[in-house]
There are 2 protein chains.
Amino acid sequence: MRDNLLRFLHELCGKAMATRGMVGEFAVAFRVSRIISLFPSITMKLSLIRSAAASLSRGNFAKISSADLSFFEKSIGNDYVKTKEIDNYTSDWTRQMKGSSECVLLPTSTEETSAILRYCAEKRIAIVVQGGNTGLVGGATPIYDEVVLSTSRINKRFHLEASSGVLTLDGGFILADADNRLAERGFMMPLDLGAKGSCQIGGCVAAGAGGIRLLRYGSLHSHLLGCTLVDGKGTILNLGGRLRKDNTSLHTAHLAIGSEGQLGVVTSVTMGVVPRPQSILSAMLAVSSYSDCIRLLSLARSKLGEILSSFEVIDGDTMKCVERHLPLKNVFEGEHNFYLLIETHGSNGDHDAEKLNGFVEEALGAELAVDGVAANSESERAHMWRLREESPLAAAKDGYIYKFDVSLPLEHFYRLTEETREKLKGRARVYCYGHLGDGNSHLNVTTDGEDEELKKELSPFVYNWVVSHGGSISAEHGIGQLKRDYRSLGKSEEESALIRSLKDVFDPHRILCPYKMIHSQE
Amino acid sequence: MRDNLLRFLHELCGKAMATRGMVGEFAVAFRVSRIISLFPSITMKLSLIRSAAASLSRGNFAKISSADLSFFEKSIGNDYVKTKEIDNYTSDWTRQMKGSSECVLLPTSTEETSAILRYCAEKRIAIVVQGGNTGLVGGATPIYDEVVLSTSRINKRFHLEASSGVLTLDGGFILADADNRLAERGFMMPLDLGAKGSCQIGGCVAAGAGGIRLLRYGSLHSHLLGCTLVDGKGTILNLGGRLRKDNTSLHTAHLAIGSEGQLGVVTSVTMGVVPRPQSILSAMLAVSSYSDCIRLLSLARSKLGEILSSFEVIDGDTMKCVERHLPLKNVFEGEHNFYLLIETHGSNGDHDAEKLNGFVEEALGAELAVDGVAANSESERAHMWRLREESPLAAAKDGYIYKFDVSLPLEHFYRLTEETREKLKGRARVYCYGHLGDGNSHLNVTTDGEDEELKKELSPFVYNWVVSHGGSISAEHGIGQLKRDYRSLGKSEEESALIRSLKDVFDPHRILCPYKMIHSQE
C-alpha cells in the first residue's frame, strides 16, 4: 500500500539522503520533516486501515528498570542507549503510526545484538527490531513500551567476491550505499526500492522486499545464500553460507525472508548480486482491453525474454486523473483504456533496442496495442516513469483516499478494479495502476470527503474479494500492525499453527515484535 | 558425487524412459538392469563412501502388522500396498545401496498420503519417502524396515497459467513429462537434470536439485512459490501459494527445498516456469591457468550477461584421460591446462551469436584464452558436451575411482585439486571437472587397484579441506545415508540444535526418513 507514493516521496528527497553516506540518527528526522513539509495536504488526507495492534492489551513483559539501562550501557556503550529524543524511532516515518518506548538500543555488531537479546529473553523485555524505519505497515514501530533495537550501526562489513558475484554485508548497510559500492565494480543489487536511500539490507530481508526489478531479477529468494540471525534467545545462528550450491542442511536462511523481526534480528546477509546492465530502455503502449494487456505480457515474455525488467500498467481513469491534477502530459494523443510501461535491462544496447522495437512493432501489427512510443532519450524515459510513479500522487490529490497493495492471479487482476468500481458507483472514484508483470495491483479509491460508511465496508470487501480470488492482501509490505486484523484471511488453521510453532522455536518467550504478525498471546 | 556419470547413464537410456509416459513400478527395474548391463565394469569399480547409516541401530519403531497392512489396503487400495517384488524400491537405482522394507505404499493423492502418515505417526511406524528413486546419497532407500512411501502415483494435476508463467503440478510428476508439456506452450522447466526422465518434481524440491541450468535460471528458491507438504503427523500444510509476491506470512514453503523427506512429503508444487529459449549456443576455450579461467568467468558475466547459461571446466589431465579411454577427440590441437565449455540460452539467435563471438574474440584478444572454438552445428555442440559429460566415464575407466561433489569459493576451487594431487603424488591420479560457474567441483581420484589406506584417508582429507576453505561437502546431492558421518562438519551446535527443533515441529515422532540427515535418536 502507498508504495509508489512513498517511492515518489523518497525520490524527491533521495538525493539528500544518498549523499550522507551512513545513515545517522538524524537522517530519519530530516527525511520525515522534509516530506511532511513538502506534502502536508497528502499525509493529512491519507486514510489508513486502522491499526489493529492498538486493540491488543499490553503483554506480560517486564518494565525497563535502571538496572536494565545500566546493563545495556555496559554492553554497547552509553552513547548508544537512548532514552530521550527518540520520536524518530517510536513513529513510523510518515508519522501515521506512533508508539512509545523507554529506550532505543544501537548495537554495532552481531555479538552486541546477541548480548541484548539474551538479556531481554531472560528478563522478558519486549523488543521491536528496526532497520531504516522505512516500512509501510508499522512493523518496526513500537506499540506500548517495547525496547527499539535499531540495526543502523551494524554496517561495517562489506565483502564482494567479484569472480562469483557473491556479496556479504552487515545487516545495517543502506541499500543505496551497497549499490553504489557495487557500481564501482560493475555489479548491482538485484533489488531496488524507492526507500533505497534509507532502507537497510537486513530490513529488506526481514520485510521480504520486492521492489521494481523483481520481474527481471526475481525475489530475494533468488539471491539470498546465507544470513546471520540473532534469535529471540540471543542465539547467533549462522544460516546457509556463501555458496551457490549447498545441500548439507535444511535451507533455514530462507525463513528470514519476510519474517518481520518475528524470528530474530538479521545482522548479516550473504547474497548473489548481478552485473550492472549496460543498457536500460523504456517504451509505452496504449491498449484497448485488459485481455490485450495480458496478451502483450505473453508477447513481451517471448520477444524480450531475458531482458524484460518492468511491465507496469496504468488504467485510463488513472491517466486522466494524472492529467487533471498534475502538470504532466500523457505521451499519447487521445484517451485509451490502458497504458503499459515496459522496461528492459540488458548487456548490449543495440540488441536490446532491436528487441524492444521488434516487440513494439509486433504489438502494433497484431493490433494488441493501438499505439506505441519508445523513449528516445533519458528525459523521455523519465517522463514515462513519472506518469507511472506519480499516479499515486495524482490519486491523493483527487480527494480522500483509500489505498491497497494486493497480489492477484492475472485473470482476476483487473476484475477487482471493475467490481469495486461497480460497487461504489456514484459514491467514489476507483483507480488502478501497478506491477502487472508481478500480478501486483495498486487499487486506489477516492471520495470528495470522508465517508464513514464506505471506510467501514471497503477494506473487508477488498480483502475478502482478493483472498477469495486466490490473491494476497499484502503483496510487498507485510502485515506489521496495519494489517494484523486481516492476517488470517484465507490461511488454514494448520498453517497458522505451524507459524506459531516456528515462532516458539526461534523466540520461545515471544519477546520479539509483539502485537504484530505473530502476537505474544496467541 | 557421480552426477555426470549418472547423467551420462541416464541419457543413454533416457529415450526409453521418456517414451513411457508416466513412470510405472517396472520402469525403475528396467532402467537399473539396463544400466548395469551396459556398464558392469563401472558400477563394480565405483568406490563409494561407506554408508554411515548401517552403523546406527534400529530405532524404536513399530513392526508392521497385518492390521497395519489392512489399514493401508483400505486407505489406498489393495493394488497399491506392495509387499512382494519390491527390490526396486528398497535399493537405490545403482544397486550400490540396499535396504529392506515390509511394504511399499503408493498413494494417489495428498489426502491418501495424509491418512497414511497420520496412521504411522500414531503407530510409530517409520517411513522413507521416495520419488523417482534417482537420488545419489541413498536418502530414499530404507535401511531396516521402514515403509516406503512412493509418490509415483501422485501425478494427475498439471495447471499452467500461461500469462504469468506459474505452474502447479502434483509432486509425483516426472520432470521430463512436465517439461514436454510446457514445451507445447513455449515454456520450459527452469531446472534440468540428467535424471529428468525419472525424477519427480516433489523429489527435486526435497533434494534441492541444482542441475545444469542453475547458472542461468537460479536455484529452486528462485522459482518455488508454494507447495503442499504432508508432515510427519499427517497434517496437510498448504504453504505459500501461486503468487509471485505475497508477504502475509512466514515463507515456509522454502523449508521444503533440500529437506530430504525429513519434514514431510511434497505432494504438490507451484513454481514459476521460464520461456523456452529460442537459441542455444556453445563454445569452448583453451586456457593456460586457473586464474585466467576466473577472469574469463567475469568477462563472460559481463559480455554474455543475461544469456550465460553454463560455464563448465575440464582440466588438462581430465581431457587427456578422456582421449586415452574414450573414442573422443579434443576440439583443440595440442595440450592445454584448462578447457572451458560455455553455453548461452537466449531469445534471439542473431543477438546471442554476436554476443558469444564478441566474448570469444575478447577472450582471445586479451590473451585470457589461448584458443577458442564456437560450435557451428548441433553435432559440434553435442561433441563439446560429450567431452564434458563423458569426463566421469573416462575417469571411471581409468582405474579404481573415488568421486566427490563439492562446492567451493572460487579462490579455492582448483586448489583442492592441486593439493590432493600433491598429497597423492605417485599413489593416484587426480582429475577435476565441474560447474565452475556455480563453484561446483567434481574431484575424481583413481588408482590402479583398490588401496585400503588411501580409501581411509581420502574422504576425511577432502571433506575437511573443503569445509576449512568455506566449501560444502555436498553441492547438489544432499546428505542422505551416504554422507551422514560428515553432515556436521563445519556446522555450529546452534545450527544443529535449530535443525533438530524444526524437525520436531514437523515430525515430532521422528518417523520420517530415520538414520539419515536428521536421525530419530538425536
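Visitor: What should I know before I start?

Guide: It's a predicted model, where local features need pLDDT of at least 70 and side-chain atom pairs count only at pLDDT 80 or more, while totals for chains, interfaces and linings use all residues. Residues are numbered from 1 along each chain as its sequence is written, chains are lettered from A and ligands numbered from 1 in the order in which they are written, and side-chain values use heavy atoms, with hydrogens and water left out.

Visitor: How many residues of chain B are in contact with chain A?

Guide: Contact means heavy atoms within 4.5 Å. Here, 83 residues of chain B touch 83 residues of chain A.

Visitor: And what is the area buried between chain B and chain A?

Guide: Buried area is the accessible area (1.4 Å probe) that two parts lose on being put together, summed over both. For these chains that's about 6400 Å², with carbon and sulfur atoms giving 59%. B:Lys245, B:Asn247 and B:Leu250 supply 14% of what chain B buries against chain A, more than any other three residues.

Visitor: How many salt bridges cross the interface of chain B and chain A?

Guide: Look for a side-chain nitrogen of Lys or Arg within 4 Å of a carboxyl oxygen of Asp or Glu. That rule finds 8 between chain B and chain A.

Visitor: Now the helices: at what angle do α16 and α17 of chain B pack?

Guide: Helices are DSSP runs (H or I, at least four residues), numbered from the N terminus. Axes are lines fitted to C-alpha atoms over the stretch in contact, and angles run from 0 to 180 degrees between N-to-C directions. Helix α16 (residues 415-423) and helix α17 (residues 452-468) of chain B pack at about 145°, their axes 11 Å apart. Residues making the contact include B:Leu416 of α16(B) and B:Phe461 of α17(B).

How values were computed
Helix = DSSP H or I, 4+ residues; strand = E, 2+ residues; numbered from the N terminus.
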